[in-house]
Amino acid sequence: MSHTDSHTKLNAVAIVPARYFSSRLPGKALLEIEGRPMILWTVERAGSARGVSRVIVATDDHRIVDVVTAAGYEALMTSPEHQSGSDRLAEVAATLEGVDVIVNVQGDEPLISPPTIERALAALAANSEMMIATTDEEIFDPADVLSPDVVKVVTNDAGRAIYFSRQPIPFPRDAARRYGTLTQALEFEPELLRTFRKHTGLYVYRRKVLLEMTKWPQSRLERSESLEQLRALEHGVYIGVVPAAAPSIGVDTPDDLARVRALMAEVLCPTGSV
């Protein structure tokens, strides 16, 4: 039997990788949202998910360590030589004996929904063959389908990932032929948006798989698309994909930051409140 009791308890630790330097938004982990550094919102939400026993910020900068620890949370310095967030994650995960599962919550996801984390944990607990669980969301804007910055994912009927790409997949060939281009097809047949799913940045790994895959060399498809998860797929790793409980916004640009600030302000101080 590949499936196990969906209520199986997994010892899960959330690790939040957070670099200080960012080409598009320097120091973004410490930028304030409603009076608090962004990283603290992310840590708080990760720790609110049922099943997460501990949250550790993994960073390469003492400024982030100081802010996180001053707020009463846990942070560890990691090597500045890491080429990816997964490598930073693995450095910390390797020190966590007795831990079954590592939850990877990006430090620039201050709106991550705790129930989304819970869904991914439940999916992993329910299927012993699944080695990684991740999440996806609906796409509502045609521009997101066409943008290489928005990663699309396709799955089989059981929710197992088949491929991730920066290109529009699955490509609606007949509709594109009818209208000449995919852009025109999306304009005249907006229901086509339902065929696409946006991959989000949350991952839940079985610890042993995380430690293994970060030792594997970059794969051909990974290099081509610049997507680490393709390394796992090329090695036959079962990645399960579940719908996010609520949409989130990764903060990569000043525009993203402005959107998140506006949303957080509305949530904490709704219009019309006194």
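Colleague: Which residues are linked with Lys 28 in a network of salt bridges?

Modeller: Lys 28, Asp 108 and Asp 252 make up that network. Please keep in mind that this is a predicted model.

Colleague: Why is the contact between Asp 108 and Lys 28 called a salt bridge?

Modeller: The cut-off is 4 Å between a side-chain nitrogen of Lys or Arg and a carboxyl oxygen of Asp or Glu. Asp 108 and Lys 28 have N to O at 2.8 Å, so their contact counts as a salt bridge. Asp 108 lies in the loop between β6 and α4, and Lys 28 in the loop between β1 and β2, 80 residues apart. Both Asp 108 and Lys 28 are buried.

Colleague: How many salt bridges are there in the whole structure?

Modeller: A search finds twelve. In general, side chains of opposite charge can pair when their charged atoms come close.

Colleague: What makes Glu 118 and Arg 50 a salt bridge?

Modeller: Their closest N and O atoms are 3.0 Å apart, and the limit is 4 Å, so the pair qualifies. Glu 118 sits in helix α4, while Arg 50 belongs to the loop between α1 and β4, 68 residues apart.

Colleague: How do you know whether Glu 118 is buried or exposed?

Modeller: Buried means under 20% relative accessible area. Glu 118 has 16%, so it counts as buried.

Colleague: And what about Arg 50, buried or exposed?

Modeller: Exposed means over 50%. At 66%, Arg 50 is therefore exposed.

Colleague: Which residue forms a salt bridge with Glu 137?

Modeller: Lys 198 does, with the closest N and O atoms 3.6 Å apart. This pair joins strand β7, which holds Glu 137, to strand β10, which holds Lys 198, 61 residues apart. Glu 137 has 8% relative accessibility, under the 20% cut-off, so Glu 137 counts as buried.

Colleague: Why can you say that β7 and β11 pair?

Modeller: Pairing needs at least two bridges. β7 and β11 have five, in the parallel sense, so they pair. Ile 132 stands opposite Ile 239 in β11. Strand β11 is mostly covered, with four of its five residues buried.

Key: Residues are numbered from 1 along each chain as its sequence is written. This is a predicted model: local features need pLDDT of at least 70, side-chain atom pairs count only at pLDDT 80 or more; totals for chains, interfaces and linings use all residues. Side-chain values use heavy atoms; hydrogens and water are left out. Helices (H or I, at least four residues) and strands (E, at least two) are DSSP runs, numbered from the N terminus. Buried means under 20% relative accessible area, exposed over 50%, partly exposed in between (1.4 Å probe, protein chains only).
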